[in-house]
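Dear colleague,

Please find below the sequence and the structure that I am handing over to you. My findings on how the chains meet follow directly after it.

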Number of protein chains: 2
Amino acid sequence: MSNLYAVILAGGAGTRFWPASRTHRPKQLLPLAGASDEALLAATVRRILPICPKERIFIATGRHLVDASRQALPELPAENFLAEPLARNTAPCIGWAAATLRRRDPDATLMVLPSDHFVRDEEGFRRALLRAVSAAEAGFIATIGIAPTRAETGYGYIERGERLDEEVYDVVRFIEKPDRARAEQYVATGKHFWNGGMFFFRASRMLEAIDAHLPALAGELRHLDEEAARGNEAAVLEASFARMPSISIDHGVMEKVDRIAVAPGDFGWSDVGSWHSAWELLPKDAKGNAVSEADVLIDAEGNLVADLGSQGAKPVVALVGVRDLVVVRTDDALLVLPRERAQDVRQVIEELKARGRTDLL
Amino acid sequence: MSNLYAVILAGGAGTRFWPASRTHRPKQLLPLAGASDEALLAATVRRILPICPKERIFIATGRHLVDASRQALPELPAENFLAEPLARNTAPCIGWAAATLRRRDPDATLMVLPSDHFVRDEEGFRRALLRAVSAAEAGFIATIGIAPTRAETGYGYIERGERLDEEVYDVVRFIEKPDRARAEQYVATGKHFWNGGMFFFRASRMLEAIDAHLPALAGELRHLDEEAARGNEAAVLEASFARMPSISIDHGVMEKVDRIAVAPGDFGWSDVGSWHSAWELLPKDAKGNAVSEADVLIDAEGNLVADLGSQGAKPVVALVGVRDLVVVRTDDALLVLPRERAQDVRQVIEELKARGRTDLL
C-alpha cells in the first residue's frame with residue numbers, strides 16, 4: 001500500500017475542555033485519555049504507524065496551530081503539516097488535502113481521520129481501517145461505522161445495506177443526530193453505526209465527487225493546482241480559502257454521492273466529548289478517582305483532577321468528602337463542576353466572552 | 001491609662017486553614033474575615049489602637065514568625081515583638097510578657113488578647129475591654145465573657161457570680177468544653193459566657209499568682225529577671241523556656257487563683273475556627289458565594305473561594321453547579337471540600353505528615 005496516505009484533521013477550537021483547552025491548545029493537544037501523558041493527536045499518529053509510515057502521514061491544521069502540532073509530533077517531516085489559512089469546515093480541508101496529495105502521487109489513496117478520538121483496541125481499529133482502505137482502492141468512498149453501544153443522540157448514524165465484501169457494506173444513508181426513540185431503534189437493528197468521521201478514498205475519486213457536488217470548491221482546487229504548478233500556491237492560498245464554501249464533507253459530498261461503503265468496527269471508540277467522557281477513559285483508583293498519586297483524597301469518590309499548569313512542580317490537590325467532581329487547574333484558571341454537568345463548561349466560555357476575557361479562551 | 005499595655009498572642013500552628021495557613025504563615029497572618037485584605041493580626045491591633053497606643057502594643061510570637069509578624073505590623077516598634085524561642089503554651093508566654101513589662105514599668109497593667117479572632121462591633125468590644133481593664137487596675141485578674149449565641153460545645157465557658165461593679169462580675173468557675181445538654185443550659189441562664197481567651201491583670205498580680213500556683217515557672221521568670229539585669233537575657237532565654245512547664249494560663253492560673261472578674265460583652269465575636277466560620281464572616285454575593293469578582297459562577301451557591309497564591313495575577317476560578325464548597329488555592333496546593341466538612345482539613349494534614357510532605361505544612 002505504498003500509495004496510502006493518512007490525513008489527520010487537527011483543527012478545532014476545543015472549548016469543551018476549558019480551561020485545559022484553549023484557542024492555542026485545542027483538545028487534540030491534550031492527554032485526555034489513556035494511562036500516559038500522550039496527547040490525543042500523538043496517540044492518533046502512533047495508532048496508524050503500523051499501517052502507514054510517518055513520511056505519508058499528513059496533519060491538516062490551522063495556521064496558528066502548526067507550531068504546537070509539530071512540537072507534539074517531532075517525528076513527522078515538517079512539510080507534512082498542511083496549514084489551513086482559514087477554518088472552512090471539512091469539505092475544503094479534505095478537498096485541499098486530496099488535491100495536494102494527488103499532485104504528489106496521482107494514485108494516492110487517503111484515509112482521513114480525526115485527531116482527537118480515543119480507541120481502546122488498536123489492533124481491531126487498524127483491521128477496520130484496512131478494510132475501508134481496500135474498499136477505497138476498489139473505487140468506493142468508504143467510511144468506518146462504529147458499532148453503537150448505547151442510544152446516543154449526540155452522533156450521526158450510518159445505515160448499512162448489502163454486503164459488498166467481507167465486512168464491508170453498501171451505505172443506504174447517512175442519518176443526522178436522531179431523537180432518543182430512533183436512537184434506541186438503531187442500537188437494536190445491527191444495521192446502524194455511529195459515524196466516526198473517518199473517510200477513505202482515492203484522491204482522484206474524491207476530487208471527481210467534489211467536481212460533481214461542490215463546483216465552487218472544485219474551481220478553487222483547480223485554481224490551487226494551477227498556482228502550485230507555478231510554485232505560487234502559498235501566495236494565493238488564503239484568498240482561495242476565503243472564497244471556498246464553508247461546508248462539511250458529510251453534507252457536501254457523502255450524503256450526495258453514490259458508491260459509498262462502510263466498514264463496521266467495534267474497537268472501543270470514544271470521541272472524548274467532555275470532561276465526563278475523559279474521566280470514563282482515564283485510569284482510576286479503587287474509588288473511581290482519576291487523580292495523580294501525589295494528590296490527597298479523604299472520603300472522595302468518582303472525581304477527576306486534571307492539572308495542565310506549566311509550573312515545574314504541580315500543586316498537590318486535596319479532595320475531602322467530595323464526589324463526582326471535575327477539578328481542572330491551569331496557570332491562569334481553575335474549574336470546579338460536577339461530572340454530570342461537564343457540558344456546561346460552554347456557559348463559562350460564554351461568560352468569559354461576555355466579560356471580554358479572551359485572554360482565557 | 002498610661003500604664004496599660006497590650007500583649008497579643010500570635011503564635012499558633014494554624015492547621016485548620018490549610019493550605020492557606022502554614023507553619024510559616026499561621027492563621028493570624030491571613031485575611032480570613034471582613035471585607036478587606038487585612039490579616040486577623042493587623043485587625044486585632046487596629047481594633048485596640050483607640051485605647052492603647054502602638055508603643056505599648058506587644059506581639060508575643062514564635063521566633064520563626066517574628067519577621068512575618070513585623071511585616072504585617074510595620075507601624076509597631078521593632079522591639080515590641082517578643083520572640084518565644086520555644087512554644088510552651090500560654091502560661092510561660094504570658095508569664096514572660098508580664099515579667100518583661102514589669103521590668104519596664106512596675107505599675108504595668110496588661111491586656112492579653114488572641115491575635116486571630118473576629119469582632120464585628122469594635123466600639124462595643126473596646127468598651128468591654130475597658131471594663132476589664134478597670135477591674136484589673138482594682139487588683140483582679142479579669143477576663144471577658146462573651147454572651148453565647150448558640151449551644152457551642154467547642155468553647156470553654158465562664159460562670160459569673162455576684163456583681164462587683166457596673167457590668168463586671170465575680171467568677172464562680174471556669175468550665176471546660178461542655179457536652180451539648182449542658183451547653184444548651186448555659187445559653188439559657190444568662191450567667192454563662194464563652195471564654196474568649198482574653199486576660200487583664202497588673203503584671204505584679206499575675207506574677208504573684210504564678211509564684212503561688214506555678215512555682216517552676218516562677219523560678220524561671222526570676223532567673224530571667226536576674227539575667228536581664230545583667231543584659232544577658234537573650235543568651236539564656238531558650239534554655240530557660242525549655243525548662244518551663246508547658247501549661248495553659250487557664251489550667252495553670254485562672255482555675256486556681258481567687259479574685260477573678262469577668263466583664264460580659266456582646267460584640268459579634270468569632271474565633272474564626274474553620275473555613276466554614278470564615279465563610280460566615282466574609283462578604284458574600286446574593287447567592288451566598290464568598291468569591292472575588294473575577295471569578296465566574298454558573299448556578300453556584302454558598303461557596304467560598306480563597307486564593308493565597310503569590311503570583312501577580314490570580315487565576316480565575318469558575319464554579320459551575322456546585323454548592324457549599326470551600327475551594328482554597330495556593331501556589332503549591334489546592335483544597336476542595338464541603339463547608340460542612342471544614343473540620344476535616346486536619347485529616348489532610350495528617351495524611352501529608354504520613355507521606356513526609358512537611359514542605360506543604
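What rotation, and what shift along its axis, superposes chain A on chain B? In this predicted model, the rotation is 179° and the shift along the axis is 0.0 Å, with an RMSD of 0.1 Å. The two copies are therefore related as by a two-fold rotation axis. Within chain A, V336(A) has the C-alpha nearest this axis, at 4.4 Å from it. Both copies use the same surface, as 100% of the contact residues of chain A recur in chain B.

I turn next to the contact itself. Chain A contributes 29 residues to it, and chain B contributes 29 residues. On the side of chain A that touches chain B, at least two residues come from each of the following elements of chain A:

- the strands β12 (296-298), β14 (316-320), β15 (325-329) and β16 (333-338);
- the helix α11 (345-354).

Of the elements of chain A, β16(A) gives the most to this side, namely six residues. Sorted by class, the side of chain A that touches chain B holds 21 nonpolar, two polar and six charged residues.

Finally, strands pair across the two chains. Which way do β14(A) and strand β16 of chain B run, parallel or antiparallel? They run parallel, and four bridges join β14(A) to β16 (residues 333-338) of chain B. To see a bridge for yourself, please look at V317(A), whose bridge partner in β16(B) is L334(B).

With kind regards

How values were computed. Residues numbered from 1 in each chain as written. Chains lettered and ligands numbered in written order. Predicted model: local features only at pLDDT ≥ 70, side-chain atom pairs only at ≥ 80, totals over all residues. Contact = placed C-beta atoms within 7 Å. Nonpolar A, V, L, I, M, F, W, Y, C, P; charged D, E, K, R; others polar. Pairing = 2+ DSSP bridges. Least-squares fit on C-alpha atoms with pLDDT ≥ 70 in both.
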